Amino acid sequence: MTSPLLQINHLKVNRQDTIICNVEEFEIQPRERVAVIGPNGSGKTTLLRVIAQLESSYSGDILIDPALSQSIYVHQTPVMFRGTVLFNASYGLICQGVPPQDRETVAMTALETLGIASLAHRSCRQLSGGEKRRVAIARAAIVKPALLLLDEPFADIDQTGSDAICELLFSLTETAIVVASPQPVPHQLDCRKFEI
Amino acid sequence: MQDIWHGLYEAFFLLLQLDSSVVDAALRTAFVSSLAVMIATLVGVPIGLLLGQRNFFGRTFLVLTSRAAMGLPTVLIGLTCYCLLSRKGPLGDLQLLYTEPAIIFGEFFLALPIIVTWTHSAYRSLDPAIVETMISFQASWWRRTLTLLSELRSPLLLAILTAFGRCATELGIAMLVGGNLKSTRTLATSTALETSRGEFSRGIAMGLIMLLLAVIVALAIAFFNREEEHPK
């Protein structure tokens with residue numbers, strides 16, 4: 001058995017004397033897909049933020065495989081930078097120093113998969129919530145991180161969009177994916193279920 | 001009342017004629033204020049971002065000082081700069097007193113708190129998820145700075161315009177460290193001088209240009225605000 005990418009034991013996150021996230025044991029194997037399912041307020045977002053190392057005040061043990069090169073967290077409310085859809089989709093590749101021609105090709109392919117290639121040159125401020133979510137997912141998926149953390153990626157998304165997202169995520173064969181959702185995630189993703 | 005109408009009439013005539021003293025003062029005002037604001041922007045934006053991003057001892061004190069300094073009377077800044085630049089002052093050897101660089105030096109301190117405070121406030125009101133996303137993508141320091149400047153573009157432009165408006169119309173600094181000599185006369189000091197000489201029309205002409213500058217700045221601020229609220 002391979003060593004886990006990430007292992008969490010006895011995680012507790014407190015905010016103003018209230019425990020907002022309590023996880024006894026959780027681990028992610030390389031290339032594994034996990035769906036963190038739980039009702040609103042159960043601590044799904046906090047768990048993902050702790051894994052993404054965006055939270056610093058918690059108690060418990062978190063062991064991260066030193067080989068974990070990059071983990072990307074996609075917020076529940078998608079974040080768009082000022083600029084076009086294409087710029088946003090290629091942001092990760094810009095950070096990696098990929099030449100403009102190459103990154104445009106890769107970004108356009110991902111946008112096509114998600115059915116939003118026609119929006120490539122539109123300002124992100126003109127997008128609907130669902131379109132923004134798709135751009136944010138494309139931006140994260142394009143860099144093929146070792147660990148991809150998606151916070152409610154299927155909210156505001158219609159069936160076609162949901163299928164497109166599943167197709168894009170399914171193509172990430174080398175990426176471990178953790179999806180937080182209040183409802184069961186589409187079966188195409190073939191996720192291990194973790195209830196919180 | 002007749003004096004005022006006569007003054008206004010002559011002022012328009014002077015403006016249409018492009019009177020050399022009026023044009024000189026207007027160009028000098030635009031030059032010194034632009035340079036002072038440019039230097040203040042280069043210094044102030046990194047300070048404002050640092051105050052927004054980092055928690056360190058004395059940060060709150062610096063933020064409060066910067067906010068308070070926005071309301072400093074220009075005559076007090078002028079007096080302080082005069083003490084620094086006068087022959088016996090610590091910077092006296094530079095022999096800058098009563099020169100254009102002296103006014104730029106003084107107006108820099110007028111513009112700096114405006115730029116620092118606005119940059120800090122803009123950063124604090126930025127969605128934290130923007131910064132988290134940049135961290136997530138392991139953006140380099142340079143890429144993060146570029147992204148931040150792009151995200152904060154509108155408030156930064158507003159800060160620059162506000163600082164320019166304040167510098168272009170201030171009197172205290174230009175009078176005290178510029179000396180109101182022919183070679184250092186700005187619109188504000190010229191207005192004061194011409195009025196004290198009884199040359200109301202010239203004073204009004206200078207005043208009208210300042211008013212025009214203030215209106216242009218206000219319109220530019222309104223335009224950027226509109227762009228921000230209703231992007232194309």
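Trainee: What makes strand β3 of chain A a partner of β8(A)?

Mentor: In this predicted model, four bridges join β3 (residues 33–37) of chain A to β8(A), and two strands pair if DSSP finds at least two bridges between them, so β3 and β8 of chain A count as paired. The two strands run parallel, and within β8(A) the bridge partner of A:Ala35 is A:Lys193.

Trainee: Why is the sheet in chain A called open, and which strands stand at the edges?

Mentor: The five strands follow the order β5-β6-β7-β3-β8 in chain A, with parallel pairing, and form an open sheet. At the edges stand β5 (71–74) and β8 (192–195) of chain A, each with a single partner strand, so one side of each has no neighbour in the sheet. Neighbouring strands of this sheet are turned by 15° against each other on average, direction ignored.

Trainee: Which helix lies across β5 and β6 of chain A, and at about what angle to β5(A) does this helix run?

Mentor: Helix α5 (residues 129–142) of chain A lies across β5 and β6 (147–151) of chain A, and runs at about 180° to β5(A).

Trainee: How many residues of chain B are in contact with chain A, and what is the count on the side of chain A?

Mentor: There are 15 residues of chain B in contact with 15 residues of chain A. On the chain B side, α6 (128–136) and α7 (141–151) each supply at least two residues, and α6(B) gives the most, with five residues. The residues on this side of chain B divide into five nonpolar, six polar and four charged.

How values were computed
Residues are numbered from 1 along each chain as its sequence is written. Chains are lettered from A and ligands numbered from 1 in the order in which they are written. This is a predicted model: local features need pLDDT of at least 70, side-chain atom pairs count only at pLDDT 80 or more; totals for chains, interfaces and linings use all residues. Axes are lines fitted to C-alpha atoms, for helices over the stretch in contact, and angles run from 0 to 180 degrees between N-to-C directions. Two residues are in contact if their C-beta atoms, placed from the backbone, lie within 7 Å. Ala, Val, Leu, Ile, Met, Phe, Trp, Tyr, Cys and Pro count as nonpolar, Asp, Glu, Lys and Arg as charged, and the others, Gly among them, as polar.
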